Amino acid sequence: MKTIKYKYIYIAVAMAVLGSCSEDFVTINPEGKFDQSTYFSNEQQCYAALIGVYDPIRKNTGGFENLVAMLNAGSDDFYSGGGSASDGNGIQNFSTHSLTSISIPGSYWNDHYQGVSRANMLITKIPAASMDNAVRARFTAEAKAMRAFYYFNLVRLFKNIPLILEPLDTQTIYSPEQSTPDKIYAQIEKDLLEAIPDLPNKLDAATESGRLNKGAAQAILGKVYLFEGKNSDAAAVLAEVNGTPGATNQYGNKLLDKFSDLWVTSNKFNTESILEVSHSNAGNSDWTFWGSGKDEGNSLNIMVGPRGYSRPKNSTAPDLPSGWAFSVPTQKLYDAMKDDPRFGATILDLKALKAAGQADYIPAYQDTGYFLNKYLPRQSDVSTGGGNSELNYKQNSYIIRLADTYLMEAEALGSGPRAQALLDAVRNRVGLTPVPVTLAAIKNERRMELAGEGHRFFDLVRWGDAAAALSDRGFDAGTDEIFPIPYTELNGTKLKQNPNYQ
C-alpha cells in the first residue's frame, strides 16, 4: 500500500523521536544515519524499535483524528459536535453515517498499518540481534501482541484488509491484496497465543508502565474471541484475566473502590487498568506536530471541553479551560443515565449550571448542554511547558479496564452464577443492587459503565443493534458497520473498495 512506503523510509526517525509509550517507558535516541540492515544488532536498538511498535497505540485519544472521539460520534450516545457541520469532515460524516472514500480520514488506516509495519520489521530482524534470549522472546511477544491489536482495530474498522506479515519494499509496496476477515482473525489469534507465554505476569511499575503483560494480551484475545462469536473461548480466557469477581486477580488488577477515581488525571496505571495509553505534557508538542502523530498529549481533553467557558467567583462549577465542544452527549444518553450513580463522573450538566448562574459557555454545533466529564480538561492540568497547552494534556486513557473484561466475560457466558457475580461486581462498585443477569442487562451495564470511552459503536454492531439504535442518524445496514477504504489506498493498488461505497 502506497502510504506504508513512506513510513518505512522514515522508520528510524519515527522510532527514535515519536516518544515513549509511558513516561517511564524510556525513549532511546539512536545517533547517526539509520541503516535497517545493521540497526537491529543489539538489545538497546531493538528496545528503541519496540518503542516504535507501541507508539501508534496513542491513536486512542491522541491527535484530532483519535479513535474515541470518532467512535463516540458514530454511536447513539454522542454527536460529533465541534464548531460547525464542517468542523472535521471525517468525524461529521461518520456521525451522520455518510462517509465516503474521500471524507474518511486516511490516518485510521495508515496509523494502524504503521504499527503493523514496525512490528513486522522488529519481528523479522530481532532473531539476529545480540541479546539475551529471554529478553528477545519478550520483545518478540510484545511486537506480536501489538501487531494483533492493530489488526484487530483494522478488521473492525475496515473488515476487508490486506494481511502483511513481512516488511515491504519498493518492489512489493503495491502488491498486497485483501484477505478474508477469517484469515485476519486467525492471524490475530495466532499472534496472541504465541505471545502470551513469553509475557510477564506483572510489570515493574517504576520502569515498565505502558507495556503489555500476560493479562493484557489475554484481555485482547478474549475481546477478539467475543467479536468472532467464539463465546466459550472468550469466557475461558477472560476468566483467567478476571479471577474471582470483585477480588484482586492473578495480575494484581482490582476494581477501584470509587468509579470517579478512574478519571483523576494523576491516577495512571491504577489497579483497574489493563491496557492503557499514556499521554504526557512533557513532550512540549506544538502546532507543527499537529496531525503528524508525534504529539504526546491527550487531544480528546481539549476536544470535549465547552467553548468560551467561564464561571463567576465562588462558583460551584468546575474550573475548566475552554475547549472545542466535540463528543457531545445526546439527550438519549442523559435520559438513560440521569439516575445512575455514574452520571456525575460521566456527564457534566452545564446547561443546569448555566441556568443556576454558576457557569457560562458558548453553545456550539449540536449543543445539548451536556459534556463528557470523564475527559473534560481541568485548569490544574493545563501545561505550562514550552509547547501549545491545547496539545499537552497528560490524562491517560483506557483501552481495556477490568470492569470491561468483567462485562465481556458475563456476555460470553450469557447466564449462570458466574455471569451473575461478574455483573453484580460492576454494579456493587457504584452502590447498585443486583439485577438478574440477561443479555439486556449486560448491554445496559456496558452503556452506563463505559459511556464515552469509544466502545458503544462496536458494541452495537456486534450485537446487531446498530440499525435500530442509529436509525435516526442515517445508518444503512450492510454498509455502515464498517468504514470505506480511503481513496488514496485504492489508487494504483490491488485493493478494492468495501461494498456499497464509492
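Leaving aside neighbours within four places in sequence, S299 is in contact (heavy atoms within 4.5 Å) with T61, G62, G63, F64 and W290. This residue belongs to helix α12, which covers residues 299–304; helices here are DSSP runs of H or I with at least four residues, strands are runs of E with at least two, and both are numbered from the N terminus. S299 has a relative accessible area of 1% and is therefore buried, where buried stands for under 20%, exposed for over 50% and partly exposed for values in between, with a 1.4 Å probe and protein chains only.

The model is predicted, so local features need pLDDT of at least 70 and side-chain atom pairs count only at pLDDT 80 or more, whereas totals for chains, interfaces and linings use all residues. Residues are numbered from 1 along each chain as its sequence is written, and side-chain values use heavy atoms, with hydrogens and water left out.

Turning to charged pairs, side chains of opposite charge can pair when their charged atoms come close. Across the whole structure, 36 salt bridges are found, each being a side-chain nitrogen of Lys or Arg within 4 Å of a carboxyl oxygen of Asp or Glu. One of these joins K59 and D111, at 3.1 Å from N to O. Because K59 sits in the loop between α4 (43–54) and α5 (67–73) while D111 sits in helix α7 (residues 107–125), this pair ties together parts that are 52 residues apart in sequence. K59 counts as buried at 6% relative accessibility, and D111 counts as partly exposed at 22%.

A salt bridge also forms between D77 and R456, at 3.7 Å from N to O. D77 is placed in the loop between α5 and β1 (78–81) and R456 in helix α19 (residues 456–463), so the pair ties together parts that are 379 residues apart in sequence. D77 is buried at 2% relative accessibility, and R456 is likewise buried, at 17%. With neighbours within four places in sequence set aside, the contacts of R456 are S75, D76, D77, K443, R447 and W463.

R342 and E449 make a further salt bridge, their closest N and O atoms being 2.8 Å apart. This pair links distant parts of the chain, with R342 in the loop between α13 (331–337) and α14 (343–346) and E449 in helix α18 (residues 439–450), 107 residues apart. R342 is buried at 0% relative accessibility, and E449 is buried at 0% as well. Both belong to a network of salt bridges that links E272, D340, R342, K374, R401, R427, R429, E445, E449 and E453.

The nonpolar interior comes next. A nonpolar core is a set of buried Ala, Val, Leu, Ile, Met, Phe, Trp, Tyr and Cys residues joined through side-chain atoms within 4.5 Å. The largest such core has 140 residues, of which L122, Y151, F158, I161, I188, L192 and F483 touch the most other members. Helix α8 (residues 133–158) supplies the largest share of this core, 14 residues. Apart from neighbours within four places in sequence, F158 is in contact with Y108, W109, I482, F483, P484, I485, P486 and N498.

On a 1 Å grid over the protein atoms alone, a cavity is a set of points where a 1.4 Å probe fits but cannot get out, and a pocket is an open set with protein on both sides within 12 Å along at least five of seven lines; lining residues have an atom within 4 Å of a point. Grid points are joined across faces, edges and corners, and a volume is the space filled by probe spheres set on the points.

Six cavities of 30 Å³ or more are counted, and the largest cavity holds about 280 Å³. It is lined by 26 residues, with N60, N153, R156, K223 and I399 the closest to its centre. Two or more lining residues come from each of α5, α8, α10, β6 (397–401) and α19, and α8 gives the largest share, six residues.
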